[in-house]
Amino acid sequence: MEAKLDRKDSVTIYKFKKLIKELESKEGRGTELISIYIPPNKPISDIISYLRQEYATAANIKSKSTRKNVQDAIESAIQRLKLFNRAGPTGLVVFSGAVPQNGGVGNEKIEVYHIIPPEPINLLLYRCDSKFYLDPLKELLREKDVYGVLVIDNEEAAVAVLRGRKIIESKTFTSGVPGKHRAGGQSQRRFERLRQMNLNDYYKRVAAHANEIFLKYPEMKGIIVAGPGPTKEIFVEKGYLHYTFRDKIHLVDTSYSGEEGIREAVKRAENFLKDLRMVEEQKLVRKLMQEITKENPRIVYGDKEVLRALRSGMIDTLLLSEDLGKYRIKIKCSNCGAEKEYVMTEEEKVSKLPEILAKPCEKCGQKTLEVVEEKSLVDFYIEEAEKAGTKVELISSEHEEGAMLKNAFGGAAGFLKGYGG
Ligand SMILES: [Zn+2]
């Protein structure tokens, strides 16, 4: 199984999370599941000879069934590893183990997975446990977006670049500009004019350095401009920062400026990044609302309509509620082969499905209907969209707009090609 983690792509993240969740749900009967992490570029032959030793050691396991399961798991892992010569530039992860099928004892089946990490995992590890060891993979899911922070008041300023919560570069400044109270001997007006000039120079100096630092990171997602007073607003309004940053700036009140202010802003960073995605999602749903008020709205919603448009390649972007809670169920007649598709909620699966299955087939009249496929509707839509080359945006329903997509549009709505014109 290969995965590439593009954080801008909500579907990729969804799939990676799902894979981890699936692996997390597997549990051996004893300590029978093995996890192997291989660091980048490591020759696989080294790992295989290590596993041969583990195989020999496993011969000492007392329980006969555990011994067999562990040795089978190691053997299967070795077979899988033989597909590779050495680990790739991001390393290689293999999970292998006897997983009970349908809960039955003695009903275990060896399952093997290999994952090429989307980002380097520099870890050499062999572990045998009752569960697969997934922490290093989960770690990859944590926010690692790059963003800038600039904290400023009239006395001091600090500029920093963060990846996730980690500061990767920072610089501090002092203004050297005295406060509003003048030194004796000067006229108030002259003093104020000089002060403004000096402040202006200070802003320019901070901005020049900030621009220089921030421009080094074109992947920068956003810039937090923070500080305790009105200076930050002035700084932004007067356009000291590079024009390309204009849409990325978010103003935040902090109690401190300078380095202490950076630390304060870092604490808020996690929410800030979550908010960024939320704002994107809200914009998409609002665009949908806007389109629907037009005379000929170029949108489609409702399960049947969305699916039809999707399959005929008419959808530009599909908005999908992350927690749709619906299933697509395919029913087939085992006698004549007639097929029918249904979309059902969790409740309907209990209340409606048995009724449908008990009815005679519409085509041949035999009572031989059975479920041949069941899939979460979100996964089904994602697959169909991939076939059609359509972009999917997963939308959380934790915000008002997201709830609206779920409740008013049934959780799936598409912008048709040529919308917004
Ligand atoms: Zn039939």
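A donor here is an N, O or S atom within 2.8 Å of the metal. In this predicted model, the zinc ion has C333 (SG), C336 (SG), C361 (SG) and C364 (SG) as its protein donors, lying 2.3 to 2.4 Å away. Angles among the four donor atoms run from 106 to 113°, and the site is tetrahedral. Along the chain, the donors are spaced as C-x2-C-x24-C-x2-C.

| Residue | Relative accessible area | Class |
|---|---|---|
| C361 | 7% | buried |
| C364 | 28% | partly exposed |
| I168 | 32% | partly exposed |

C361 counts as buried because its 7% is under the 20% cut-off. As for I168, its contacts beyond four places in sequence are V161, L162, R163 and Y217. Its C-alpha atom sits 14 Å from that of E219, 51 residues apart along the chain.

Now for strand β8 (residues 223-227): five of its five residues are buried, so the rest of the structure largely encloses it. In a regular strand, side chains alternate between the two faces of the sheet. In β8, I223, V225 and G227 point one way, while I224 and A226 point the other way.

Conventions. Residues numbered from 1 in each chain as written. Predicted model: local features only at pLDDT ≥ 70, side-chain atom pairs only at ≥ 80, totals over all residues. Heavy atoms only, no water. Donors = N, O, S within 2.8 Å, 3.2 Å for Na, K, Ca; no water. Tetrahedral: all angles 85-135°; square planar, octahedral: opposite > 155°, others 65-115°. Buried < 20%, exposed > 50% of the residue type's maximum accessible area, 1.4 Å probe, protein only. Contact = heavy atoms within 4.5 Å. Helix = DSSP H or I, 4+ residues; strand = E, 2+ residues; numbered from the N terminus.
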